[in-house]
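Please look at the sequence and the structure shown here, with attention to the aromatic rings and to the charged groups beside them.

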Amino acid sequence: MHKFSLELFTVTIETRRLTTAAKVLNITQSAVSQQIKQMESFFGVPLLERGTNGVTPTPSGEIFYRHAKLILAQFECMEREIDDLTKEDDREVTIGATPTVGNFALPCSLWTFNDKFPKARLNLEVGGVEEMVERVLKRTLHLAIIEGPVPDHIGHTPGIKYRCISGDHLAFVTPAKGRWAKERLTLERLREVPLILPGRSTGIPPVLEKALAHHGLEIRDLQVKSTLGGWEGLKTAMEINGGVMLGTRMSVQKELQRGAYREITPAELRITVPFHLICFEEQLPPVARRFIRFIAAPEEMAPCWASAE
């Protein structure tokens, strides 16, 4: 039985809902259900009871959950002991990230990882998609996590690996006391409001273009007043000049929670932007491999990577 199966079961028990577990794990609900069925088939007993208030473990499920937590904790202890034997030069990892990942998701991840593996030295550098990808190819970064689609030429590069590890929702927001705050934004109305969009270096425009194309629209059909590469610049431009900004939920989460911004995303444009990890995996030092496993572990990363709902 794979480590991920143990992680999946513990997350399902702790969240009490298959839908929530699927979001944390970044897989479909049907995939969670299938994994649970395979575990129940393996042991020959039901592990979960399903009810209106979610799922709860059966007596067998309680035993499985308890031992799964012990095994996962023991695995972590094993990694720490191996870390003690790692050469000093192999403990440093340089990570690249695009703005949402680098400024809002990864800082929490790095802190948590260093807390568990204090001898690791993680360096984070933030930049645009093209810059981060190019630096991975030149091997001046061990790995990069980028927003949006993976550039086409990456798939043709020998030895490079990439995969989606998480994502975030896109949101159209405006100042809570601004002109557009009471607007019920529709696709048709979206053509008329002044927009401030993230630049191509953020990885967001290709995702928006694809979503608009489903409705027969292009970015040039919108009233785009400016495009900027940094989230703080986007926010400042919107706050000073008014209008509507497109951002990731992570980038505007604090302002939404404080009531400074209001989300007015059209119902037809519920868009998720993927986060992709890119690296030459076979050539990574042990600590970098461990960090990749760490950010893929759902129970570790849920508090850091979950965007505002």
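## Basis and count

The model is predicted, and the descriptions below should be read with that in mind. By the rule that ring centres lie within 6.5 Å, the count comes to six aromatic pairs.

Phe42 is exposed, its relative accessible area being 58%, while Phe43, with a relative accessibility of 39%, counts as partly exposed.

## A tilted pair

In another pair, the ring centres of Phe113 and Phe117 are 4.9 Å apart and the planes lie at 45°, so the pair is tilted. Phe113 is buried, with a relative accessible area of 0%, and Phe117 is likewise buried, with a value of 3%; both are described in this way because buried means under 20% relative accessible area.

## Charges over rings

Phe117 also takes part in a contact of another kind, in which the charged end of Arg290 sits over the Phe117 ring, 5.2 Å from the ring centre. A further arrangement involves Arg139, whose charged end sits over the ring of Phe280 at 3.9 Å from the centre of that ring.

Key. Residues are numbered from 1 along each chain as its sequence is written. This is a predicted model: local features need pLDDT of at least 70, side-chain atom pairs count only at pLDDT 80 or more; totals for chains, interfaces and linings use all residues. Side-chain values use heavy atoms; hydrogens and water are left out. Rings of Phe, Tyr and Trp (its six-membered ring) pair if their centres lie within 6.5 Å; planes under 30 degrees apart count as stacked, over 60 as edge-to-face and the rest as tilted. Buried means under 20% relative accessible area, exposed over 50%, partly exposed in between (1.4 Å probe, protein chains only). A charge sits over a ring if NZ of Lys or CZ of Arg is within 6 Å of the ring centre and within 35 degrees of the ring normal.
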